[in-house]
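Here is a quick walk through how the chains in this model sit against each other. Have the structure open as you read.

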Amino acid sequence: MSRTRSRIGVVQPATGEAPVGEDTCVPIHSAADILEARKRGRELAVALGFAATDCTLVATAISELARNIVLYADHGEIRLNSVARKNSMGIVITARDDGPGIADLQRAMRDGFSTSHGLGLGLPGVKRIMDEFEISSKPKRGTTVTARKWKCQ
Amino acid sequence: MQVPILKQGAYLIASIQSALEDDDLVRLCDALSTQVGKSRARGVIVDVTALDVMDSFSTRTLVELATIIRLRGAEMVIVGIQPEVAVAVVRLGLKLEGVSTALDLEEGIAYLDGKARSSGKEKNDRG
Amino acid sequence: MLCASGGVSEVTGIVPRTMQSLEWNTGPARKEGPQVRRIDKRMQSSTANPDQNTMAAITSKAWPPAESEKSGTAYALAGVARHRASDESGTVELLRSLAHLLRENRTQLCEEWSRRISGASLLTAMTKEEIFAEAIAVYNNYVDALESGTLEALQAYARSLSERIIPRGVETREVIGIVLLLRDVLARSLFAEYQSDFSMLNRVLDSYEPAANRIANTVAVGFVQERERVIREQQEAIRVLSTPVLQVRERLLILPIIGEIDPQRARQLTEQLLRGIRTNRAKVVVIDITGVPTMDATVANHLVQTVDATRLLGATVIITGLSPEIAQTLVTLGVDLSKMNTVGDLQGGIEEAERLLGYKVVPISELAHAE
């Protein structure tokens, strides 16, 4: 699957979209926090009336992003909030860490790439199961991933 | 949280009761690969009915376990994958290739019984 | 009600559903001069060219009504009402008098109304007798609402009427049309009653109009809401029907897909299929896509993912009726067709499924022979 350059490293302005309710922030320090983060994400998706499959996709994406933090950055946070746009509700997941950063984003977004062990499907997988995906990273400064899922009508 | 491993006839059955932390899953896999030799099990069933998320880590770990079990001379089957979880796994781009799956515990046992019958026929044809 | 365009905007305006009782607003009392002018204006506007056919039918009669339409019962009532019409309680009193008058003339006015409905080619799906029966019922409810100022009974009747006539193809336009006709018929009768006393006529119409508008509104809104409910139900039914998951044998499901698949339908299809597999404990699923003309890359990809997800639930998918075009799409996507279980047609697919499940279909004659 081809990855377009424009989607990477560029934070798109969120047009016509307004935050709803309060942010949830889950600090990620250990593997136990992964479970907490995805539990919170699922609760939010259920509360917004997402379809069962989409609730699971949101929880799965959070699981991937939180695990990346544990594996590569030691600690960071997962921020969850709900947003409204024209005629739809959505969830924004923001995963932030101040770890070593990703030197080659293009490579990191390629299937099968991993600086740790295993298949390394984390980031491209998240991009596939979410509706919108943005990533920015600075070496030695950390990585921020923002992913959105909109409720299907 | 530890996952209990039951021995039922020639099979080992591990029923995951709730969402697992990474370490618990790794521990379960270690325990299964050890016990499959000790108990001379012919098959291993991992019941994931209670898992609401199977991300790339847990999927990869289970695929690795299946390979190890096969190398140890037994057959592994994953049972109880929820429909939504199945969709998520596939959409993540994970295939669970080389891993057998069945609807639930009953089906898993039936699957292993079938495997045992067909391999038994091949090995020593009782005529 | 004489001002056609004014009447329409009243009816199509939004009235909160929670509005349970009416407030009859009479407005400030007028001086003699403007009252007369106002009536003149109404007379002109009633003959103005309306936009819609419905409106044409409603306003086609000459105004004021002919002498023959005048019924001669209400002078005494008008006299009673005259003393009280100056305040709000007077309005209530006046409406009560009007209701009484309208009840007395019920048969005659309902006949007139039915005639006008037929004349305007409204409710063509119904017989004359049906129209008259409904007209009497609507009329009774209408007059009750006019008198009591509460809309609950009328709302309930409007709902049940809508339930009855929507399946017969009656349209919103017609319902609004008949309600406006009733307003017109009644107003004409009131005019006939009070035309000799302009100040009384004006008070009567001032009381009658807002009430009649709200009643018309209630009936029209009730109809539209019922219609929307029916449409929603039908949409849901169509959605479910468009992806039927059928069990043909124990552990064997068939999913015949007909028509274009968009991503939304593809999602639904997958969810219904996977749920069907769990509830029916299916081992084999035959997906027949003979009826799918084309498939874009996104949907083809989705189909492949559905096949993979089905496998994770321990079931096998057989795809039948794959057209050369769709096969080409799948190949272009890089799908390894050798890994997908495809069979030419549905019959072959079911036979293959039966084989996988260990069934063997044998003619009864052979079976008898074997025994």
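## Where B meets C

Let's start with charge: 5 salt bridges turn up across the interface of chain B and chain C. One of the pairs to look up is B:Glu107 with C:Arg281, whose side chains meet in a salt bridge at 3.5 Å, N to O. Keep in mind that this is a predicted model. There are also 7 residue pairs in polar contact between chain B and chain C, both residues being at pLDDT 80 or more.

Which parts of chain B do the touching? The elements giving two or more residues to the side that touches chain C are H3, strand E5 (100–102) and helix H4 (105–123) of chain B. H3(B) gives the largest share of that side, 6 residues. Sorted by class, the residues on the side of chain B that touches chain C come out as 10 nonpolar, 3 polar and 6 charged.

As for the overall extent, 19 residues of chain B are in contact with 15 residues of chain C. Together the two chains bury about 1,600 Å², and 54% of that comes from carbon and sulfur atoms.

## Where A meets B

The size of an interface is often given as the accessible area lost when the parts come together. For chain A and chain B that is about 1,900 Å², with 57% of it on carbon and sulfur atoms.

How many salt bridges cross the interface of chain A and chain B? The rule finds 3. A:Arg42 forms a salt bridge with B:Asp52, and their closest N and O atoms are 2.8 Å apart. Polar contacts across the interface of chain A and chain B come to 7 residue pairs, both at pLDDT 80 or more.

## A helix pair across the A/B interface

Two packed helices are described by the angle between their axes and the distance between the axes. The axes of H4(A) and helix H3 (residues 83–92) of chain B come within 8 Å and cross at roughly 120°. H4(A) is therefore oblique to H3(B).

Which residues meet where H4(A) and H3(B) touch? From H4(A) you have A:Gly125, A:Val126, A:Arg128 and A:Ile129, and from H3(B) there are B:Ala88, B:Arg91 and B:Leu92. By class, the contact of H4(A) with H3(B) has 4 nonpolar, 1 polar and 2 charged residues.

## Salt bridges over the whole model

Side chains of opposite charge can pair when their charged atoms come close. Over all chains, the structure holds 34 salt bridges.

One of them sits inside chain A: the side chains of A:Arg79 and A:Asp23 meet at 3.4 Å, N to O. This pair links distant parts of the chain, as A:Arg79 is in strand E2 (residues 76–85) and A:Asp23 is in strand E1 (residues 17–28), 56 residues apart.

Notes:
Residues are numbered from 1 along each chain as its sequence is written. Chains are lettered from A and ligands numbered from 1 in the order in which they are written. This is a predicted model: local features need pLDDT of at least 70, side-chain atom pairs count only at pLDDT 80 or more; totals for chains, interfaces and linings use all residues. Side-chain values use heavy atoms; hydrogens and water are left out. Buried area is the accessible area (1.4 Å probe) that two parts lose on being put together, summed over both. A salt bridge is a side-chain nitrogen of Lys or Arg within 4 Å of a carboxyl oxygen of Asp or Glu. A polar contact is a pair of N or O atoms within 3.5 Å; within protein, one must be able to donate a hydrogen and the other to accept it, and residues adjacent in sequence count only if both atoms are side-chain atoms. Axes are lines fitted to C-alpha atoms, for helices over the stretch in contact, and angles run from 0 to 180 degrees between N-to-C directions. Helices (H or I, at least four residues) and strands (E, at least two) are DSSP runs, numbered from the N terminus. Angles under 35 degrees count as roughly parallel, over 145 as roughly antiparallel, 65 to 115 as roughly perpendicular and the rest as oblique. Contact means heavy atoms within 4.5 Å. Ala, Val, Leu, Ile, Met, Phe, Trp, Tyr, Cys and Pro count as nonpolar, Asp, Glu, Lys and Arg as charged, and the others, Gly among them, as polar.
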